[in-house]
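Here is a short briefing on pockets. It covers where they sit in the chain and what lines them.

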Amino acid sequence: VKGFFFCGQEPFVADEYIERLAWRTPGGGSRGGEAFDPKRLLEEFVNHIQELQVMDERIQRKVEKLEQQCQKEAKEFAKKVQELQKSNQVAFQHFQELDEHISYVATKVCHLGDQLEGVNTPRQRAVEAQKLMKYFNEFLDGELKSDVFTNSEKIKEAADIIQKLHLIAQELPFDSLMGFCCYPLSSPGKYHDLECQLIQEFTSAQRRGEISRMREVAAVLLHFKGYSHCVDVYIKQCQEGAFLRNDVFEDAAILCQRVNKQVGEIFSNPETVLAKLIQNIFEVKLQSYVKDQLEEHRKSDAEQYLKNLYDLYTRTTNLSSKLMEFNLGTDKQTFLSKLIKAIFISYLENYIEVEIGYLKSRSAMILQRYYDSKNHQKRSIGTGGIQDLKERLRQRTNLPLGPSIDTHGETFLSQEVVVNLLQETKQAFERCHRLSDPSDLPKNAFRIFSMLVEFLCTEHIDYALETGLAGIPSSDSKNANLYFLDVVHQANTIFHLFDKQFNDHLMPLISSSPKLSECLQKKKDIIEQMEVKLDMGIDTLNCMIGQMKHILAAEQKKTDFKPEDENNVLIQYTNACVKVCGYVRKQVEKIRNSMDGKNVDTVLMELGVRFHRLIYEHLQQYSYSCMGGMLAICDVAEYRKCAKDFKIALVLQLFDTLHALCNLLVVAPDNLKQVCSGEQLANLDKNILHSFVQLRVDYRSARLARHFS
């Protein structure tokens, strides 16, 4: 029947099935314009229901038949499983019986084997003793007839026999008859002859490259006293032709690498043989090479000696690191360290003395060469401490150390000298790190640092500062050149390089030792001493102010502020103002380039305050007409612009106040009190205000005096 649901098809949906059935039945719907016929549709439904019932009965019978078949097969399967379980139980019992029987037989076999071994071992010993007695008789007769002694290919068996007879003969007392007869066997003759033959055979095999034969002979010699001589021969022949290049360290590494691959195939104790080879290389080849390289320059050329010592020690330790990869026994680190120490002990004991001596002479030579190139005879400088410098700074007397000298613009500081000194010290620190004993490293590094301080900071930077201080001209000098700021600039740059080396190369060597605090304190003292001398150089500001005074005295005229023709003034500010401002701007720029950090602000503040005082006192020297007062205000406005370059708030405030004071020179008499009570002038002393008002040419008029009183 079409349209029925069967297993394996799509899931059965009753609604869809009825819809399809109605659609296929004529008169069941509107298909083809046919009229709906409910009777035909009912009849069709009844027929289909009957067909479905018949199908259901047929399927039910089939299901019952299958269930019966399944139950029957299940009973048969269960019966079969029970039979298999019984068979398995019987087999397990048989297995247990067999296992017990095997154990019984094995026990009997072991017992029988023990009995046979108990019988066979004495028999074997008797046979061996009989053979030894036979060979012993041949030795007593003096005629070796056995094939084992006459056949060179059986040297291994002969060696074993002679070794045993030699041991037996040595145990017998010589004063007995047996001992006297066995003396030929206990004497070195035949024993050593055979040893020599074996060693010769080993040597020949090594030259032929026969590893297997070498292994055989080495195994035989292992029980002989001459075994160590066999190892020595092997080590000696290994080195033949191995050191033909100039690089003995690379040759040694290659040799050890090759032997390491080979020695395990020949000797039963390869780590001992390899360690002995390495010891021989260090004590003979390397020690001889190091001695030749160092003794040549030890007394004649300290620089080359130190370079060679550092290079050789570095290459030796690098070789040791490569050899650490090999099996040399339990404590190979200590073994290799002892070998290195044995080579370099005599050179490392006094290394630091040689280093300090060389560094001292080399640094002195670098400095002297520089001063000679400048045709400068270095003079002695003050040796007082920081407190002495501070006292000189406090008193401000005799700041130039001795008579003022003309340095001709020379700062006596050289970047090349500094780089050379730092480079020498850097190399010394590297050598110190490599060559010093760990316990002496901080102490030795401190000594090198002290040398750097002495020659770079004291003999070069400090000397240049002292010379610069001595070259500062007096404040009343005309056309004075202020080279001290150039000295400060270069000294500042150099000290940054010094500080970098301190952090990069010294700190790692002393960071975990008590010497750290000592070095930091020494560095702090150096900085403080230099800062004190820089403070002493503040007298440079007096020279700057002196120069400004000369400019003002030469360029400022009384008629500038009291012109003859009040109506014909064409300038915006005076010529003196222009030149002073130009000079000040140059000095401000020079100070910024010469210093850094807070030092810049400190010096500029001091210069700004002195600059203000100079202009203030300068303006007090003149009388001002109305137009002259306006010109003075313009000058002060220009000075105030110049003061902005200082970027110091106090300096700018001082010039703002001065500019407000200058307004008193031009303000109408009726407005004087109002101006004086203004924000900028209200807090000033009345005498200061009065002093500026008195500078007006019309001050003596009764009206002005009345308004200001």
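In the second largest pocket, α18 (484-510) and α19 (515-536) each supply at least two lining residues. The model is predicted: local features need pLDDT of at least 70, side-chain atom pairs count only at pLDDT 80 or more, and totals for chains, interfaces and linings use all residues. Residues are numbered from 1 along each chain as its sequence is written, and side-chain values use heavy atoms, without hydrogens and water.

**Terms**
- A pocket is an open set of points on a 1 Å grid over the protein atoms alone, where a 1.4 Å probe fits, with protein on both sides within 12 Å along at least five of seven lines; lining residues have an atom within 4 Å of a point.
- Grid points join across faces, edges and corners, and a volume is the space filled by probe spheres set on them.
- Helices are DSSP runs (H or I, at least four residues), numbered from the N terminus.
- Nonpolar means Ala, Val, Leu, Ile, Met, Phe, Trp, Tyr, Cys and Pro; charged means Asp, Glu, Lys and Arg; the others, Gly among them, are polar.

**Second largest pocket**
- Its space is about 300 Å³.
- It has 15 lining residues, with Asn492, Phe495, Leu534, Asp596 and Asn599 closest to its centre.
- α18 gives the largest share of this lining, six residues.
- The lining holds eight nonpolar, four polar and three charged residues.

**Largest pocket**
- Its space is about 460 Å³.
- Of its 20 lining residues, Leu348, Leu435, Ser436, Asp437 and Pro438 lie nearest the centre.
- α13 (332-348), α14 (351-373), α16 (415-435) and α17 (441-470) each supply at least two.
- α13 gives the most, six residues.
- The lining divides into 10 nonpolar, four polar and six charged residues.
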